[in-house]
Amino acid sequence: MKTKLVIFDLDGTLLNTIGDLAEAANQMRALRNLPPYDYATYCTFVGNGIMRLVERALPEELRTAEYVQAARADFLAYYLAHIDQKTIPYAGIPELLAELHARGIRLAVASNKFQAGTEKLIRGLFPAIPFDPIFGQRPEVPLKPDPAVVEEILTLKGIAREEVLYVGDSGVDILTAKAASVRAVGVTWGFRSREELLEAGAELLIDEPNQLLAYLD
């Protein structure tokens with residue numbers, strides 16, 4: 001069945017956000033007299049929302065609920081002010097999005113990044129692309145791999161599961177798509193490894209954005 005909707009993950013799929021995430025987390029660590037981590041380490045911390053990122057960036061002995069909340073507040077204060085300093089679309093993504101839009105395919109975002117940050121990045125870096133809806137982490141909706149966000153998008157758009165592609169860079173994304181019974185495409189240019197995608201059950205992998213076009217029909 002012809003694809004009518006493509007749902008994209010954000011971090012590691014559409015945008016390389018690791019520079020700004022790492023800078024904010026290292027700033028949070030510096031306030032606590034902790035040394036910085038490198039970007040590669042942060043690639044293993046992301047994908048499950050800001051709270052989990054902050055928690056993973058702290059020593060285990062500091063991971064009390066109260067301490068993590070305070071650290072998250074420091075992280076967000078810095079990150080919101082610098083969210084787009086180092087963040088850029090992956091090579092080939094703007095062209096892919098333009099082609100999908102030109103073909104009349106609807107586009108949506110389902111991210112575990114907090115809602116305000118998700119909207120700011122999408123609207124700021126892809127102003128000509130009509131993503132609808134743009135969903136990040138919201139208090140009333142479980143994080144991926146719970147399929148709730150995908151189910152919500154399908155209900156809003158009135159599109160059959162067979163007409164949907166879900167695109168992401170992590171095992172969380174593959175598991176989300178499988179839980180929602182939609183086709184999953186794993187991308188290998190993001191934060192996670194090809195091995196993680198395969199272990200999560202990915203059947204379709206692409207190494208370049210334009211390869212997604214082969215799976216539209």
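Analyst: A residue is called exposed when its relative accessible area is over 50% and buried when that area is under 20%, with partly exposed in between. Please note that this is a predicted model.

User: How many salt bridges does a search of the whole structure find?

Analyst: The search finds 13 salt bridges. One of them joins Lys-2 and Asp-217, with the closest N and O atoms 3.6 Å apart. Lys-2 belongs to the segment before strand S1 (5-8) and Asp-217 to the segment after strand S8 (205-206), 215 residues apart.

User: Are Lys-2 and Asp-217 buried or exposed?

Analyst: Both Lys-2 and Asp-217 are exposed.

User: And which residue meets Lys-4 in a salt bridge?

Analyst: Glu-163 does, at 3.2 Å from N to O. Glu-163 sits in the loop between helix H7 (148-157) and strand S6 (164-168), and Lys-4 in the segment before S1, so this pair ties together parts 159 residues apart in sequence.

User: Why does Glu-163 count as buried?

Analyst: Its relative accessibility is 11%, and the cut-off for buried is under 20%. Lys-4, at 43%, is partly exposed.

User: What is the relative accessible area of Thr-118?

Analyst: It is 0%, so Thr-118 is buried. Thr-118 lies in helix H6 (residues 115-125), and its contacts include Leu-10, Ile-134 and Phe-135.

Methods
Residues numbered from 1 in each chain as written. Predicted model: local features only at pLDDT ≥ 70, side-chain atom pairs only at ≥ 80, totals over all residues. Heavy atoms only, no water. Helix = DSSP H or I, 4+ residues; strand = E, 2+ residues; numbered from the N terminus. Buried < 20%, exposed > 50% of the residue type's maximum accessible area, 1.4 Å probe, protein only. Contact = heavy atoms within 4.5 Å. Salt bridge = Lys/Arg side-chain N within 4 Å of Asp/Glu carboxyl O. Lists of a residue's contacts leave out its neighbours within four places in sequence.
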